[in-house]
Amino acid sequence: MATLGRLKGKVAIITGAGRGIGYGIGRRFAEEGAHVVVAEIDRETVYKAAEDFSRIGPEALAYPVDVGEVEQTRQMAADVMQRFGRIDILVNNAGLSEKATLLEITPEQWDRTLRVNLRGLLFCTQAVVRQMIACIPEAVKQAGRADRCYGKVLNLSSIAGRRGRADAVHYSVSKAAVITFTQSAAIELARYNINVNAICPSVVPTPMWEQLARQVEEREGWPSGEFFQRRVERIPLKRAGTVEEVATIAAFLCSSDADYITAQTYNIDGGSEMN
Ligand SMILES: NC(=O)c1ccc[n+]([C@@H]2O[C@H](COP(=O)([O-])OP(=O)(O)OC[C@H]3O[C@@H](n4cnc5c(N)ncnc54)[C@H](O)[C@@H]3O)[C@@H](O)[C@H]2O)c1
């Protein structure tokens, strides 16, 4: 895989970077030369991921945090500023997904999903972007457009946010909201030259995906691997995506190569969705 040092010297906070897609993005960003902050709730993975990224690229930082706790994310943004003196990139990747039908879903499941997928994403963005803006010299801010500044926010939506899904109304609603959040934030932050975009993966084998597959297979009485097979058959390219493929697009969208792209949402889904 070609890396171009496109994120050399940048400081990137990636939520949920201890495993799965977030880990893949962290790895890729480290390869591209970024200091990666692993903003992760799981203490089993947070330190190991940061060690891995520090071996691949510049010094990474392990930061145990629950993105659903607003005060924790504010403290994280302040601590990262103190440690590195800047924040260039935020990837809102941490997410939860649980299967439940409309008739089964409990208020607790609804709250748990939206707390991380939406509330966490909004207030983490607010905390980090406040720090990004604080770094812009006053004279540049007064001029109305901070053309020479750099800020990228990338949000993990899903193709489940592109159209309704059975057995996942809470997840689908949260991921659809990520798309309009992205558009609204992009409009507000354009004056600071902060680009805000989103990506929608479809099937990417990760611990989250495996957990969901097991839930469905147990419920339906299917053999192991059946759920994955059925989902892949519906994808025009007839295969799942990889963490590396998602990370490549993430690196592009968070680099200067994508300076003129904002408010957009990209499907990374083998052709499953067309809008
Ligand atoms: N895997 C897929 O097929 C797929 C498809 C579409 C969208 N997505 C989205 O991509 C993102 C990553 O998915 P994944 O498959 O890698 O999931 P995953 O469950 O394998 O990894 C998610 C990571 O987020 C962390 N996390 C969870 N709650 C947190 C919190 N409150 N604070 C901080 N960290 C927290 C977890 O500990 C974990 O390390 C999610 O937003 C998911 O909805 C995944």
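What covers the buried residues of helix H6? The cover includes helix H4, strand E5 (151–156), strand E6 (194–201) and strand E7 (265–268).

The model is predicted: local features need pLDDT of at least 70 and side-chain atom pairs count only at pLDDT 80 or more, while totals for chains, interfaces and linings use all residues. Residues are numbered from 1 along each chain as its sequence is written.

The protein contains nine helices and seven strands. Helices (H or I, at least four residues) and strands (E, at least two) are DSSP runs, numbered from the N terminus. The radius of gyration is 18 Å, close to the 19 Å that the globule rule gives for 275 residues, so the protein is as compact as a globular protein of that length. This radius is taken over C-alpha atoms, and the globule rule is 2.2 Å times the number of residues to the power 0.38. Along the principal axes, the C-alpha atoms fill a box of roughly 60 × 35 × 35 Å.

Of the 275 residues, 44% are buried. A residue is buried if 20 or more other C-beta atoms lie within 10 Å of its own, exposed if 12 or fewer, and partly exposed in between, with C-beta atoms placed from the backbone. Among contacts between residues at least 6 apart in sequence, 72% join residues at least 24 apart. Two residues are in contact if their C-beta atoms, placed from the backbone, lie within 7 Å.

The protein is divided into domain 1 (11–202 + 241–268) and domain 2 (204–240). These bounds come from an automatic or database domain assignment. Taken over C-alpha atoms, the centres of domain 1 and domain 2 are 26 Å apart. Eleven residues from domain 1 and nine residues from domain 2 take part in the contact. On the side of domain 1 that touches domain 2, H1 and helix H9 (243–253) each supply at least two residues. The residues of that side of domain 1 are four nonpolar, five polar and two charged. In this sorting, Ala, Val, Leu, Ile, Met, Phe, Trp, Tyr, Cys and Pro count as nonpolar, Asp, Glu, Lys and Arg as charged, and the others, Gly among them, as polar.

The ligand comes next. Around the ligand there are 31 residues, of which Gly16, Gly20, Gly95, Thr206 and Met208 come nearest. A residue is near a molecule or strand if its C-beta atom, placed from the backbone, lies within 6 Å of it. Helix H1 (20–31), helix H4 (107–134) and helix H7 (207–220) are the elements that give two or more residues to this shell. Domain 1 and domain 2 each contribute at least three residues to the shell around the ligand. By class, the shell has 14 nonpolar, 13 polar and four charged residues.

Helix H7 has 14 residues and reaches 20 Å from its first C-alpha to its last, close to the 20 Å expected at 1.5 Å a residue. The expected span of a helix is 1.5 Å times one less than its number of residues. Just after H7, Gly221 takes a positive phi of about 70°.

Now back to helix H6 (residues 169–189). Helix H6 has 21 residues and reaches 30 Å from its first C-alpha to its last, close to the 30 Å expected. Its buried residues are His170, Tyr171, Ser172, Ser174, Lys175, Val178, Thr182, Ala185 and Leu189. An α-helix has 3.6 residues a turn, so residues three or four places apart point the same way.

Phe181 is also found in helix H6. Phe181 counts as partly exposed because it has 19 C-beta neighbours inside 10 Å. Beyond its neighbours within four places in sequence, Phe181 is in contact with Leu121, Leu122 and Asn155. Between Phe181 and Leu118, 63 residues apart in sequence, the C-alpha distance is 8.9 Å. At Leu189, the C-alpha atom is 9.3 Å from that of Ile133, 56 residues away along the chain. Ile133 is found in helix H4 and is partly exposed, with 16 other C-beta atoms within 10 Å.

Asp167, in the loop between E5 and H6, has a positive phi of about 70° although it is not a glycine. Asn193 lies in the loop between H6 and E6, and its phi is near 60°, a positive value in a residue other than glycine. Asp167 counts as partly exposed, with 17 C-beta neighbours inside 10 Å, and Asn193 is partly exposed with 19 other C-beta atoms within 10 Å.
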